[in-house]
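Here is a short report on one predicted protein model.

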Amino acid sequence: MLKIRLKRLGRKKKAFYRIILIDNRKKRDGKAIEEIGFYSPLNKQHQIDIVKVQKKLREGAKTTKTIENLIKKHYK
């Protein structure tokens with residue numbers, strides 16, 4: 001099953017995340033099928049390609065709770 005989740009980048013105490021599409025059996029930081037956006041919790045910035053997310057959700061991909069919250073914030 002495919003999952004839309006975060007991949008951690010950056011250094012210690014300066015986290016930066018990419019929003020990726022990946023097989024749920026892979027590691028958190030494993031090779032992604034597709035990169036959909038990014039999220040920076042330090043300066044509260046995020047960018048999501050909503051068209052790709054909606055397409056993958058229709059195809060059966062699942063999201064994590066954090067990604068669901070980011071998508072809701074994107075629509076505000």
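Arg 18 has Phe 38 as its bridge partner in strand 3.

Some ground rules come next. This is a predicted model, where local features need pLDDT of at least 70, side-chain atom pairs count only at pLDDT 80 or more, and totals for chains, interfaces and linings use all residues. Residues are numbered from 1 along each chain as its sequence is written, and side-chain values use heavy atoms, with hydrogens and water left out. Helices (H or I, at least four residues) and strands (E, at least two) are DSSP runs, numbered from the N terminus. Contact, or touching, means heavy atoms within 4.5 Å. Axes are lines fitted to C-alpha atoms, for helices over the stretch in contact, and angles run from 0 to 180 degrees between N-to-C directions.

Two strands pair if DSSP finds at least two bridges between them. The pairings are listed here.

| Strands | Sense | Bridges |
|---|---|---|
| Strand 1 and strand 2 | antiparallel | 10 |
| Strand 2 and strand 3 | antiparallel | five |
| Strand 3 and strand 4 | antiparallel | four |
| Strand 1 and strand 5 | parallel | two |

Single bridges can be picked out by residue. Leu 2 is partnered by Asp 23 in strand 2. Leu 21 has Glu 34 as its bridge partner in strand 3. Ser 40 is bridged to Gln 45 in strand 4. Ile 4 stands opposite Thr 63 in strand 5.

**Two turns**

Most residues other than glycine have a negative phi. Which residue in the turn between strand 1 and strand 2 has a positive phi? Lys 13 does, at about 65 degrees, in a hairpin with two residues between the strands. Lys 13 is exposed, with a relative accessible area of 73%. Exposed means over 50% relative accessible area, buried under 20%, and partly exposed in between (1.4 Å probe, protein chains only).

The hairpin of strand 3 and strand 4 has four residues between the strands. There, Lys 44 takes a positive phi near 55 degrees, although it is not a glycine. Lys 44 lies in the loop between strand 3 and strand 4. Its relative accessible area is 64%, so Lys 44 is exposed.

**The helix pair**

Two packed helices are described by the angle between their axes and the distance between the axes. Helix 1 (residues 50-58) and helix 2 (residues 65-75) pack at an angle of about 130 degrees. Their axes are 12 Å apart. The two helices are therefore oblique to each other. Angles under 35 degrees count as roughly parallel, over 145 as roughly antiparallel, 65 to 115 as roughly perpendicular and the rest as oblique.

Which residues make the contact? Helix 1 supplies Ile 50, Val 53 and Gln 54, while helix 2 supplies Ile 71, His 74 and Tyr 75. By class, the contact has four nonpolar, two polar and no charged residues. Ala, Val, Leu, Ile, Met, Phe, Trp, Tyr, Cys and Pro count as nonpolar, Asp, Glu, Lys and Arg as charged, and the others, Gly among them, as polar.

**Two buried residues**

Ile 48 lies in strand 4 (residues 45-48). Is Ile 48 buried or exposed? At 8% relative accessibility, Ile 48 counts as buried. Leaving out residues up to four places away in sequence, Ile 48 touches Ile 19, Ile 36, Gly 37, Val 53, Leu 70, Ile 71 and His 74. Val 53, Ile 71 and His 74 also belong to the contact of the two helices. The C-alpha atoms of Ile 48 and Thr 63 are separated by 13 Å, and the two residues are 15 apart along the chain.

Lys 56 lies in helix 1. Lys 56 is buried, with a relative accessible area of 17%. Lys 56 touches Ile 4, Leu 21, Glu 34 and Ala 61, again not counting residues up to four places away in sequence. Among these, Leu 21 and Glu 34 are bridge partners.
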